[in-house]
Amino acid sequence: MSRRPIIFVTRELPSLAQRRLESLTTVEVRQHNSNTAITRSQLLSGTKDADGLICLLSEKIDQELLNSSPKLKVISTVSVGYDHVDIPALKSHGKVKLGYTPDVLTDATADTTVLLALMASRKAKIGLDSVSNGKWGAFSLARGLGTQFTDKCLGIVGFGRIGEATAYRLKPFGFNRILYSASKPHDDRARPLGAEFAPLERILKESDLVCVCCPLNDKTRGMFDLDKFRMMKRSAILVNTARGAIINQEDLVTALDQELLAHAALDVTVPEPIAPDHPLVRHDRCTILPHIGSATEETRNAMGNLAIDNALAGVFGEPLKAEVEL
Ligand code: 8YV
């Protein structure tokens with residue numbers, strides 16, 4: 001009798017997906033079931049005999065891992081982003097498919113962008129701190145005032161699924177214009193929103209709220225640096241729910257200190273977790289969430305299930321439900 005394919009899973013999945021994983025009978029599931037992140041050597045030894053791997057964005061998938069896993073047919077990442085995967089190495093290796101989890105996390109991530117935009121515009125960080133530190137004080141008509149989005153300009157950097165969903169959510173707040181940047185214009189998707197394709201520089205110059213929704217790659221790494229912050233309105237808000245490395249964080253500290261922009265609201269940082277004494281964490285005009293973009297029951301279970309589907313398809317040589325074209 002031929003052996004059952006082995007799928008190695010680097011973390012516990014959300015409860016419903018985890019139950020499904022545990023009920024699988026056509027494959028042997030091996031799981032690193034600890035609350036702490038898997039170490040590199042645990043990842044390499046767990047994947048060594050595996051036909052399939054279910055992994056997270058924090059786990060580096062590179063040439064060394066491919067070389068040490070001769071049976072591997074599929075890598076199934078529980079994420080839409082795959083900047084942790086060495087794509088050229090995977091491409092030249094040629095025998096391993098890459099599955100990911102697009103679409104199912106679009107709504108949750110766009111919701112988080114809106115959450116951060118509102119937190120920043122209404123100075124929620126200072127307000128929350130004042131409540132918990134006993135500094136709420138007497139009601140003031142003049143202090144702690146935020147801004148609103150009515151008649152302002154919205155800039156969306158990256159107009160994929162999440163960028164588009166973000167624009168749909170934010171439009172009803174009353175923006176009078178929406179600008180977007182992308183590698184090419186998306187006229188059909190932009191038309192119903194009345195969104196205009198624009199170069200990044202124009203977006204930075206004209207927008208009151210700039211939302212970063214693009215993938216991390218060679219073109220976008222460090223894209224937001226001091227030069228770019230100098231182009232922004234001093235009253236502008238920057239929200240990043242994509243990847244921390246798209247922003248040069250040292251430059252962001254300088255830009256906030258020099259009041260080149262009003263507020264940065266981040267769901268992603270470098271590293272994650274960011275140190276609690278990092279100047280961005282300490283800054284009144286920087287709001288940071290711990291990478292919760294996709295962190296809802298519904299979304300994380302859907303991501304887990306899609307990752308299982310991709311892994312199962314891959315180990316049995318079938319087309320993946322959501323495959324990255326290499
Ligand atoms: C995920 C993300 O929660 O999907 C992505 O690319 O950044 C997050 O939404 C994370 O990847 C979990 O692995």
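Two residues are in contact here if their C-beta atoms, placed from the backbone, lie within 7 Å. Keep that cut-off in mind. Among contacts in the protein chain with a separation of 6 or more, 65% join residues 24 or more positions apart.

Now the ground rules. This is a predicted model, where local features need pLDDT of at least 70, side-chain atom pairs count only at pLDDT 80 or more, and totals for chains, interfaces and linings use all residues. Residues are numbered from 1 along each chain as its sequence is written.

Overall picture next. The protein chain has 13 helices and twelve strands. Those are DSSP runs, numbered from the N terminus: helices are H or I with at least four residues, strands are E with at least two. The radius of gyration is 22 Å, close to the 20 Å that the globule rule gives for 326 residues, so the protein chain is as compact as a globular protein of that length. For the record, that radius is taken over C-alpha atoms, and the rule is 2.2 Å times the number of residues to the power 0.38. Along the principal axes, the C-alpha atoms fill a box of roughly 75 × 50 × 30 Å.

How much of the protein chain is buried? Of the 326 residues, 42% count as buried. The cut-offs: buried takes 20 or more other C-beta atoms within 10 Å of the residue's own, exposed takes 12 or fewer, and partly exposed is in between, with C-beta atoms placed from the backbone.

On to the ligand. Which residues are around it? They are Leu-56, Leu-57, Val-78, Ser-79, Val-80, Gly-81, Leu-105, Thr-109, Gly-293 and Ser-294. The criterion is a C-beta atom, placed from the backbone, within 6 Å of the molecule. By class, this shell has five nonpolar, five polar and no charged residues. The classes are simple: Ala, Val, Leu, Ile, Met, Phe, Trp, Tyr, Cys and Pro are nonpolar, Asp, Glu, Lys and Arg are charged, and the others, Gly among them, are polar.

Next, a helix pair. Helix α1 covers residues 15-23, and helix α13 covers residues 297-315. Their axes come within 7 Å and cross at roughly 25°. The two helices are therefore roughly parallel to each other. From α1, the contact uses Leu-16, Ala-17, Arg-20 and Leu-21; from α13, Asn-301, Gly-304, Asn-305 and Ile-308. These residues divide into four nonpolar, three polar and one charged. On method: axes are lines fitted to C-alpha atoms, for helices over the stretch in contact, and angles run from 0 to 180 degrees between N-to-C directions. Under 35 degrees counts as roughly parallel, over 145 as roughly antiparallel, 65 to 115 as roughly perpendicular, and the rest as oblique.

Stay on α13 for Gly-314, which lies in that helix. Gly-314 counts as buried because it has 26 C-beta neighbours inside 10 Å. Leaving aside neighbours within four places in sequence, Gly-314 is in contact with Gly-52, Lys-73, Val-74, Ser-76, Lys-97, Gly-99 and Leu-320. Take Gly-52: 262 residues away in sequence, but 7.1 Å away in space, C-alpha to C-alpha.

Contrast that with His-93, in helix α4, residues 87-93. With 14 C-beta neighbours inside 10 Å, His-93 counts as partly exposed. His-93 and Glu-318 are 225 residues apart in sequence and 19 Å apart in space, C-alpha to C-alpha.

Now Lys-152, in the loop between α6 and β6 (153-157). Buried or exposed? Lys-152 has 21 C-beta neighbours inside 10 Å, so it counts as buried. Beyond neighbours within four places in sequence, its contacts are Phe-175, Asn-176, Asp-208 and Leu-209.

Last topic: backbone geometry. Most residues other than glycine have a negative phi, and most peptide bonds are trans. Here are the exceptions I picked. Asp-103 has a positive phi of about 70°. Asp-103 sits in the loop between β5 (97-99) and α5 (106-121), and with 13 C-beta neighbours inside 10 Å counts as partly exposed. Lys-123 has phi near 55°, in the loop between α5 and α6 (124-132). With 21 C-beta neighbours inside 10 Å, Lys-123 counts as buried.

Then the cis bonds. Val-270 to Pro-271 is cis, with omega near -5°. Glu-272 to Pro-273 is cis too, with omega about 0°. Pro-271 lies in the loop between β11 (263-266) and α12 (279-282), and Pro-273 lies in the loop between β11 and α12 as well.
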